[in-house]
Amino acid sequence: MRQALALASQAGLHGEVPVGALIVSAAGQIVGRGFNQPILRRDPTAHAEVMALRDAGETLANYRLPGCTLYVTLEPCAMCAGAIMHARIARVVFGARDLKTGVAGSVVDLFGETRLNHHAQIDGGVLGDECGGLLTSFFQARRRKQAISG
């Protein structure tokens, strides 16, 4: 999760919401890395998880990532959860809960939805205070900047 936090910091340096993600293979190797880039890439799908999934797919030369664990600093949204399920990620470890768009139990639990065909193990709250603090600091700084210029 510390490496995901470092990736989240990279997103913040680009003015993006600081969320970072990485994917670790069953053998313990980092195979994918990503951070939020929707503004930078002009791509609404460029969330940290999707970027890490794309990187891992290239690394492993496969769109399926069975046995892999995704570490992400913020609870996944519905779009990312769908991509995680399609990739067949075995486990998702996230930091901060997202009470507005989180779908690993905060708003809904898509990963626990029995009608869906793939279910990843979910572990939430890992370094949650630190992950949440990075987000809180980012948005506080953004609000201060808007107040000064506004």
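1. Two strands pair if DSSP finds at least two bridges between them. In this predicted model, strand 3 (residues 69–74) and strand 4 meet that criterion, because 5 bridges join them. The two strands run parallel. Within this pairing, Tyr-71 has Val-93 of strand 4 as its bridge partner.

2. Strand 4 spans residues 91–96 and is mostly covered. Of its 6 residues, 5 are buried. As a general point, side chains in a regular strand alternate between the two faces of the sheet.

3. Helix 1 (residues 2–13) packs with helix 5 (residues 128–149) at an angle of about 0°. The two axes lie 11 Å apart. Angles under 35 degrees count as roughly parallel, and helix 1 and helix 5 are therefore roughly parallel to each other. On the side of helix 1, the contact is made by Arg-2, Leu-5, Ala-8 and Ser-9; helix 5 contributes Glu-130, Cys-131 and Leu-134. By class, the residues of this contact divide into 4 nonpolar, 1 polar and 2 charged.

4. How many disulfides does a search of the whole structure find? The search finds 0. Cys-80 deserves a separate remark: the nearest cysteine sulfur, that of Cys-77, is 3.7 Å away, and Cys-80 is in no disulfide. Cys-80 is buried, with a relative accessible area of 0%.

5. Is Pro-44 buried or exposed? Pro-44 is exposed, with a relative accessible area of 65%. Its place is in the loop between helix 2 (38–41) and helix 3 (48–60). Leaving aside neighbours within four places in sequence, Pro-44 is in contact with Pro-38 and Met-79.

6. Pro-44 and Cys-131 are 87 residues apart in sequence, and the distance between them in space is 22 Å, C-alpha to C-alpha.

Methods: Residues are numbered from 1 along each chain as its sequence is written. This is a predicted model: local features need pLDDT of at least 70, side-chain atom pairs count only at pLDDT 80 or more; totals for chains, interfaces and linings use all residues. Side-chain values use heavy atoms; hydrogens and water are left out. Axes are lines fitted to C-alpha atoms, for helices over the stretch in contact, and angles run from 0 to 180 degrees between N-to-C directions. Helices (H or I, at least four residues) and strands (E, at least two) are DSSP runs, numbered from the N terminus. Angles under 35 degrees count as roughly parallel, over 145 as roughly antiparallel, 65 to 115 as roughly perpendicular and the rest as oblique. Contact means heavy atoms within 4.5 Å. Ala, Val, Leu, Ile, Met, Phe, Trp, Tyr, Cys and Pro count as nonpolar, Asp, Glu, Lys and Arg as charged, and the others, Gly among them, as polar. A disulfide is a pair of cysteine sulfur atoms within 2.5 Å. Buried means under 20% relative accessible area, exposed over 50%, partly exposed in between (1.4 Å probe, protein chains only).
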